[in-house]
Amino acid sequence: MTIVSGACFILLFAWAVARFILKRKQEDIRHAPGPCSESASWIWGHELEAFRGQALEYYSKWMFQFGPLFKIKAALFHSDIIVLGDHAAVQHIFADTTNYVKAPSFRPIVANLVGKGMIWAEGEEHTQQRRLLSHVFAPERLKDMGDDILECAEKFQNTLTSLALSHGGTVTTNIVPFTSACTLDIIGRVGFGHDLKFGQSAEAQELATSWKRTVNEGMTFGAFLAPAIIRVVPFITSLPFKAIQTQGDISRVIGKLARKIYKEGADNGKQKNILSILMKSQSKSGYGLTESQIIDNIITFTFAGHETTSGTLAFTLLELARRPEVQKKLRDEVIEHGGTLSYDTVPKLAYLDAVVKESLRVHSAIPRTERVAMKDDVLPLRTPITMRDGKILTSFRVRKGQVIHIPFTSMQTNPSVWGADAAEFKPERWITPGGVPPTNELPHGWSNLVAFCDGPRNCIGYRLALFEFKVILATLVRALEFRPTDAVVTTKLSLTWQAIVDGEAGIIPLQISIASYS
Ligand code: HEM
């Protein structure tokens, strides 16, 4: 080595060290508040504790304790995670889909679970798919879906009525398979023109079995471990973990159905639904999607479009069962309304609207999301945070690669914002003056909630979700009465927010009888 090259090497080394120190100094996360390191497991950080608790139990507790921005120790020595509930910062992140993306290392898991459709896509590919499908969910199109939705809701109600009658007027049953069958029927009909026969078709049954296996698998240690390993060593997505394999299983089952639907669509492209729009795009050169992209979007919409609404609906029925006065008030409103439930008439039911908003506040099916910063950035903060070194920050610097968890439900049930009864199901708060905190204290999103996320990647199906949710709920409470059982129902996060009874996911037992007035 010559003297010149040796000097260059030393300079380069010194520059790299100086840059590292400077960057470390710029990391606000170093002094961010959060649960203390001593309480974290040396290998699993705070993540395993949070995973083992009820859905978002720990995030909610920590958010109340440390404020709307805190850090937790990550598993397997990964750098600390920021947990974020500050409205301004969350809005900033969701608005910038270029610089805040879903974790790149998890894309293989998403692809394995629901294929490479809209949930998986990023950048231009996402924009193209989103542009193509956004008008399927426009209000004019939803009006046309009204008859199908009403028919599915009535089939649901008739099934429960027959079941109750065949048991002498009252039956105790797990409501989850029924809510799931109904919302699957709806997405099958309005999305793809395909009849899944209220959970009775072989495809619907195979899908239900696979989903049950998947969500139960999602609560095991393997399901915690696999993503933690993938985050640290992204290239090992082919590891033979059961959790990963089972997630592939649901994609295989829906994939089989998707190919059948695709073939039917190819035979008959007359209907105007998700499928026909995807198929029609194929003929537009340079704009359309490939056959595999279409099939993956059928999988994506089948998955995203039914277990979400189903889960929130099932929890709502449990809340109504536990609160007979709320259930009666809702029933009275629906009966008084009398007329057909359509896209134009459901908004007139104010109490129904309050019940649905409260359900999405407390029981959103997707209670949290994750983003990764693609470049160094500064997050604006609505609420200044006090750092461990005593400094007060009104903005927060994040480094490229920073993992950020955004727990929607913790934000929506934070007692510091919503008051002491924040976690309680109280639809009245939405119709009582001053019952909901002022808009400037709440997030930017549908009804000042983040249940449907926000920004260019918010839930594309939220109008359909709200419409079907209201129609099904109104149809059921009009004819049936729901009461709780002795079962202890807890919650877990496993793909979606799950109800757990005796360690098993997807169980909400309810006592159902014919409503006494009818
Ligand atoms: C109560 C019901 C629903 C809830 C709570 C819900 C919630 C959400 C949330 C929070 C996201 C953002 C996820 C993230 O970025 O991490 C999302 C995205 C999405 N949702 Fe929904 N959803 C519901 C119903 C539906 C329905 C009925 C459909 C379709 C028929 C649907 C289709 C989608 C799709 C395709 C995306 C991805 C959008 C994109 O990345 O651009 N969802 N949903």
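**Close-up views of the predicted model**

**View 1**
In strand β7, F396 is the residue opposite L379. This is a predicted model, so to speak of its limits: local features need pLDDT of at least 70, side-chain atom pairs count only at pLDDT 80 or more, and totals for chains, interfaces and linings use all residues. Residues are numbered from 1 along each chain as its sequence is written, and side-chain values use heavy atoms, with hydrogens and water left out. Strand β6 covers residues 377-386 and strand β7 residues 392-398; the two run antiparallel and are joined by six bridges. Strands here are DSSP runs of E with at least two residues, helices are runs of H or I with at least four, and both are numbered from the N terminus. Five residues separate β6 from β7 in the hairpin, and G390 in the turn shows a positive phi of about 90°.

**View 1. Here is the five-stranded open sheet.**
Read across it and you get the order β1-β2-β8-β5-β3, with mixed pairing. Two strands pair if DSSP finds at least two bridges between them. At the edges are β1 (69-72) and β3 (100-101), each pairing on one side only. Strand β3 runs antiparallel to β5 (residues 369-373), and two bridges hold the pair together. Look for Y100 here: its bridge partner in β5 is A373.

**View 2. Next comes an open sheet of three strands.**
The order is β10-β11-β12, and the pairing is antiparallel. β10 (490-494) and β12 (504-505) each have a single partner strand, so one side of each edge strand has no neighbour in the sheet. Strand β11 (residues 496-501) and β12 run antiparallel, with two bridges between them. Across from I500 you'll find A505 in β12.

**View 3. C459 holds the iron atom of the ligand.**
The SG atom of C459 lies 2.3 Å from the iron, and C459 is its only protein donor. Donors are N, O and S atoms within 2.8 Å of the metal (3.2 Å for Na, K and Ca); water is not among the atoms, so sites may look incomplete. To find C459, go to the loop between α18 (415-418) and α19 (462-479).

The ligand is surrounded by 30 residues (a heavy atom within 4 Å), the closest being H126, R130, T369, R371 and C459. Polar contacts are pairs of N or O atoms within 3.5 Å. In the side chain of T369, an N or O atom is 2.4 Å from a ligand oxygen. R457 brings a polar side-chain atom to 2.9 Å from an oxygen atom of the ligand. From the backbone of A304, a polar atom sits 3.5 Å from a ligand nitrogen. Two or more shell residues come from each of α6 (123-134), α13 (291-304), α14 (307-322), β5 and α19.

Note on methods:
A polar contact is a pair of N or O atoms within 3.5 Å; within protein, one must be able to donate a hydrogen and the other to accept it, and residues adjacent in sequence count only if both atoms are side-chain atoms.
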